[in-house]
Amino acid sequence: MEKNRGVLIVISGPSGAGKGTICKALLEKHKEISLSVSATTRNPRCGEVDGVNYHFLKKEDFLARVEADDFLEYAEVYGNYYGTPKSNVEKILESGTDVILEIDIQGALKVKEKSKEGVFIFILPPSMEELKQRIINRGSETPESLMTRFKSAYKEINYVSKYNYAVVNDTVDKAVEKIEAILLAEKCRVDRLKETILDSKEDLIHEQLYD
């Protein structure tokens, strides 16, 4: 019997909602889940390892992969390219391993256009006031940039209707539990299990005929 295909889990949300913290906690709890490693054309920073933090590519190699349609999504940011390699994700899913993509909203919507099997989860803050406080607590924002981020986050929340699920990040532990429940439910969907069901049916018929 073939192993079931892994589940592609796409997690995004507005800045300050805590999606990065949630993904880190989920991966620490579930070593069997793989985090997709993005590709980039920027130079490695001190301590970064190729294939662990990013797949570091030359610009011409990155663009060649764009031409070959080997990115689920990609974007240019401040002169450097970033993207999610489709072939890498596909290989992991085929092995039966679940994959998490932690990406921004625009990237998630691009992935949705190319992958009908993905599970798209939007992380929400408990309230807009809490979101604002979380951004302030980072201590890295000027009053002007804080207002810009807050306005951007307010607009981004409108994209929640494009997702399959919404998870309110009231506490990290509770948010992780909700994602675990979503993943469990997705694994029980008949369309994901059809190959296993067909295999089991064939085994049953074989037993009835020959035993």
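**Sheets and their helices**

I began with strand 3 (residues 39-40) and strand 6 (residues 80-85), which in this predicted model pair in the antiparallel sense over two bridges. Looking up the residues involved, I found Ala39 opposite Gly83 in strand 6.

I then asked which helices pack on this sheet, and noted helix 2 (residues 59-67), which touches strand 3, strand 5 and strand 6, its direction making about 45° with that of strand 6. Helix 3 (residues 86-94) also packs on the sheet, touching strand 4, strand 5 and strand 6, and its direction makes about 25° with that of strand 6.

Stepping back, I recorded the sheet as an open one of four strands in the order 4-3-6-5, with mixed pairing. Strand 4 (55-56) and strand 5 (71-77) each have a single partner strand and stand at the edges, so one side of each has no neighbour in the sheet.

Next I turned to an open sheet of five strands, which has the order 2-7-1-8-9 and parallel pairing. Its edges are strand 2 (34-35) and strand 9 (165-168), each with a single partner strand, so one side of each is left without a neighbour in the sheet.

I followed strand 2 to its pairing with strand 7 (residues 99-102), which is parallel and runs over two bridges, and there I noted Val99 in strand 7 as the bridge partner of Ser34. Helix 1 (residues 19-29) packs on this sheet, touching strand 1 (8-12), strand 2, strand 7 and strand 8 (119-124), and its direction makes about 160° with that of strand 7.

Definitions and conventions:
Residues are numbered from 1 along each chain as its sequence is written. This is a predicted model: local features need pLDDT of at least 70, side-chain atom pairs count only at pLDDT 80 or more; totals for chains, interfaces and linings use all residues. Side-chain values use heavy atoms; hydrogens and water are left out. Two strands pair if DSSP finds at least two bridges between them. Contact means heavy atoms within 4.5 Å. Axes are lines fitted to C-alpha atoms, for helices over the stretch in contact, and angles run from 0 to 180 degrees between N-to-C directions.
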